Amino acid sequence: MEALRQDDPRRFGPYTTLARVRESAVAVHFLARGADRGDLAVVTAARPALASVPAFRRRFRSEARTAERLAGGPVPQPDVSPEGDGLWTATAYVPAVTLSEAIGLAGPLPERAVRVLGAGLAGTLSRVHASGAVFQGLAPGTVLLAEDGPRLTAFGPLGAAAHAEAREGGQLSVRLGYLTPEQVEGQEAGPASDLFVLGLLLAYAATGTTPLADGPAEEAAERIAHGSAELGSVPVGLRALVAGCLSKDPAGRPTAGSVAAELAPEGAADRAQGGWLPAVLAAAVTDQAARARAPEPPAGPVDDGPRVPPVEDRTPTDGVPTGAALPDGGAPGHVVPPGGGHDGDPGEDSRTTRFLGTGARTPGSDRATAQLTLPEEVTNAAPPRLPAAVPPPAQPYAYPAFTAAPPDLPAAAPPAAAPRTGPVTGRRALLTAVAAGAAGLVLGGAAVAALGSDGSASATTDEKPAAEPRPALPGRPPEPRWTYARPAKAPAPLTAGVWQDRLLVLTDTAGATAVDLRTGRKVWERADAAGAQSVLTAGEDLCFLAAPTEFLWLSPEDGRIRHRVRFVDQFVGVPDMKVAPLTGQSGSVLWFTGSHTVTVRAPKPKKGKKRGKDTQVVKAYFFAYDVVRREEVWRVAVPAGRAPGTPAYRLIAARNADLVVRQDAGTLTPADVRAGQGKAVFRCFDRTTGKPLWNRRFGTVAPGGAAAGDQEGRLFGAVGDDLGAFETGSGKPLWTLNGTASSVFGTPVAAGALLHTTNRDQEVGAVERATGKVLWRRSTEVPAGDGCPALTLSGSGRTLLAADASQVTAFAAADGRRLWKFQDIGAPAPDGAAVTAPYRVLAAGKTSVVVQRERAFYAFPVE
């Protein structure tokens, strides 16, 4: 605990701050006094840079609401900041030490203390499971030992970034908690998963080491899934129970209620009466309470001076236990603040109790990810002040940290002592990075190549393919084959497209850029292709770009423009044509809409009458154009859209004989909206001649509702909260996939016999296209927002990727196994604002995808 600093807030709502308890990379924790002077609380205040991130705020408040619903007993009742009053929570101060601190101070606990601990935790698990939730985040650093029994740190929003430290080279290493056999195998966690973790915790409390989970993470994951636990050091009276909890088969594990009853039939609270902690721990808790309740707070504010040496001067901290003991035996405030942590370990308590899926469905858990790497190109300020890590007093409990290091340098090697010459991690960049974890995301990108100042991938600038990535820990994203970022001085990309699985082509207002898909190396830039808004393939040897007033054909070798067709020259009879975004492409033919304005002269007046005024009328057309032959295939007149008059069509299905389109809602005229009565109108055209075949509505699919079609004549559309399938020829309903009151389905993706679905509950899934039978459904575990994840299928069809404003989540397309999640930090803008652009995924061949977030691009290997 230390004195308040000059710029520290003096009040949070009704709470008056007394001292700093600790700080982490993402939050500052204050000892505070409530309205009643006898009430002490710990206020956990998110740093302003994080509090301004929408995803962080949503997750923070969502988990705080969950905490309120499940509060009671060992789970605290948080006081959450009202809207508009910053972002903080307050919980009653409880003197306690974490389990990991206790092991460091006193060694393994006696059997009686282990029984009280296990009974208290199992009782909490039983109550949580009864509510339909899964309790995640149990670890030695999230379990508190208080005088009256065990407690749990509150479940804050800092989830995946619980244990973070800055590393040399602008990297952030994230240490996580326990895995279970089912998670290692790619299955979802359920109540039985909590019992497996409880077994690990009980063994750790009784012996000071963790069976199966100690050592390198990849080896630990293998042992957890297939190894046998060595329990010889566990007391005989506990051995059978711990072995049952550690059963590989979830069905073979006991229930939480039965564990609580076996460990303490009279109840954990009764058994804890009269003292349950060893003397050294009881003294530490008593001393902590005395210091926290001292009559006067520490001396007045002090300057916010440096608190830790630069990153390069620090001793590596790989392998530090999550709850390593502090030199003073543990600072006060080991209580229950969301995102809390013990002194000296940034965000220690932030990987805390997380209740998922308290509604009708329980989203599956993530398999842990272990590494977030910050690209150096976006980090150029002084290193953040992070609490210094301390040497481990005991064997690490579970997951060691993973750090990105060159392939020939072990991750745990000490950083070089020489002064750094390259960019270092900036405070704002680090905070933005940890915001990814704060949103409840698994952070991705191990050993990401550092970005050079020209935006090229400095680690992969030769012509050789990138090295094969090392075996990935389950849940962690694969190592990107390369990364590429547009320089900050360049305009943001207008669009990006993959050409022939060879080039990534980017366009902006200054020109077009091509990046080699094998190496991430910039191949060429062309300023005379500025403003293009679509990237397509034009045969085997040319790249096609669609600009607002012309079509361009570029050489893939050097970007030189081979052909240029201006609309005014190509499309006779449509002068000054305005073109909407392209409708779609199939083979060498693309479709688009265009319009122009004509003057209709007033009719000749009758004798003695004045001539009327001429009128301006918009004429619109739907075009088919062959990009290989560079000629118009057909055009057909269509109704004009909202002023300035060009209707925008979106391709719903391109079949052998016809194509189905729908006009974008934003280009419908008021008359169209009234005539549609809240329903979308779909149009069908003959693919060969362009002849209009029919206009039709399907159920109650709205003008802006999600819709897609397939080759068999089916149309799939969002119908209220459901997803409906219709026969396009007749409009007849075929099947309905029911949603929830808040689901609202997004655009599905057809693949073979499957239809992959997405909805606003942040769920993706697969159904049989012909029948609508649900095959699987999984949650991305992103806090629900306004949009649905956008789906992309890899070139092989084996991996389904869901992208939204928060992350990219990869699933096995066949059975929905959650493979990995990825989130970068984004490049801070010059004014310090974090990047909020959504992610986009581009399939690049059968074994790669490119993930884009505004200026940053990552090439990932996929199946």
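Begin by selecting helix α4, residues 111–130. At 1.5 Å a residue, its 20 residues should span 28 Å, and the end C-alpha atoms are 28 Å apart, which agrees with that expectation. The model shown is a predicted one, and the values in this tour are computed from it.

Keep α4 selected and display its surroundings. Of its 20 residues, 14 are buried, so the helix is largely enclosed by the rest of the structure. After the helix, select Gly 132, which follows α4 and has a positive phi, near 90°.

**The whole chain**

Of its 863 residues, 58% count as buried. Among contacts between residues at least 6 apart in sequence, 62% join residues at least 24 apart. The chain exposes about 33300 Å², and carbon and sulfur atoms supply 53% of that area.

**The largest nonpolar core**

Next, select Leu 99, Leu 109, Leu 117, Val 143 and Leu 145. Within the largest nonpolar core, which has 55 residues, these five touch the most other members. The elements that give two or more residues to this core include α3 (99–106), α4, β9 (143–146) and α6 (191–207). Also on that list are α7 (217–226), α8 (236–245), α9 (256–263) and α11 (279–292). Which element gives the most to this core? Colour α6 to see it: this helix gives 11 residues.

Centre the view on Leu 109 and show its contacts. Leaving aside residues up to four places away in sequence, Leu 109 touches Leu 99, Ile 103, Val 114, Leu 117, Leu 145, Ala 205, Ala 206, Pro 278 and Leu 281.

A second, separate core comprises 19 residues, among them Leu 536, Ala 546, Phe 571 and Leu 582.

**Aromatic pairs**

A search of the whole structure finds 29 aromatic pairs. Select Phe 571 and Phe 592, which form an edge-to-face pair with 5.6 Å centre to centre and 75° between the planes. Phe 571 belongs to the loop between α13 (567–570) and β24 (578–579), whereas Phe 592 is in strand β26 (residues 589–600); the pair links distant parts of the chain, 21 residues apart.

For another geometry, move to Tyr 858 and Phe 860. Their rings are stacked, with 6.3 Å centre to centre and 15° between the planes. Tyr 858 is buried, with a relative accessible area of 5%, and Phe 860 is buried as well, at 0%.

Ring pairs link Phe 544, Phe 551, Trp 553, Phe 567, Phe 571, Phe 592, Tyr 621, Phe 623 and Tyr 625 into a cluster.

**Backbone geometry**

Most residues other than glycine have a negative phi, and most peptide bonds are trans. The following selections concern departures from those patterns.

Select Asp 576, whose phi is positive, near 55°, in a residue other than glycine. Asp 576 is found in the loop between α13 and β24. With a relative accessible area of 60%, Asp 576 is exposed, because it passes the cut-off of over 50% for that class.

Then go to Gln 762, which is not a glycine but has a positive phi of about 60°. Gln 762 lies in the loop between β38 (754–759) and β39 (763–768). Gln 762 is buried, with a relative accessible area of 3%.

Next, select Ala 643 and Pro 644. A cis peptide bond joins them, with omega about 10°. Pro 644 lies in the loop between β28 (631–638) and β29 (649–654).

**A final stop at Thr 667**

Finish at Thr 667, in the loop between β30 (658–663) and α14 (670–676). With a relative accessible area of 16%, Thr 667 is buried, because that class takes in values under 20%. A polar atom of the Thr 667 side chain lies 3.0 Å from the backbone oxygen of Asp 664. Leaving aside residues up to four places away in sequence, Thr 667 touches Gly 641, Arg 642, Thr 646, Pro 647 and Ala 648.

How values were computed:
Residues are numbered from 1 along each chain as its sequence is written. This is a predicted model: local features need pLDDT of at least 70, side-chain atom pairs count only at pLDDT 80 or more; totals for chains, interfaces and linings use all residues. Side-chain values use heavy atoms; hydrogens and water are left out. Helices (H or I, at least four residues) and strands (E, at least two) are DSSP runs, numbered from the N terminus. Buried means under 20% relative accessible area, exposed over 50%, partly exposed in between (1.4 Å probe, protein chains only). A polar contact is a pair of N or O atoms within 3.5 Å; within protein, one must be able to donate a hydrogen and the other to accept it, and residues adjacent in sequence count only if both atoms are side-chain atoms. Contact means heavy atoms within 4.5 Å. A nonpolar core is a set of buried Ala, Val, Leu, Ile, Met, Phe, Trp, Tyr and Cys residues joined through side-chain atoms within 4.5 Å. Accessible areas come from the Shrake-Rupley method with a 1.4 Å probe; for residues, only the protein chains shown count as cover. The expected span of a helix is 1.5 Å times one less than its number of residues. Rings of Phe, Tyr and Trp (its six-membered ring) pair if their centres lie within 6.5 Å; planes under 30 degrees apart count as stacked, over 60 as edge-to-face and the rest as tilted.
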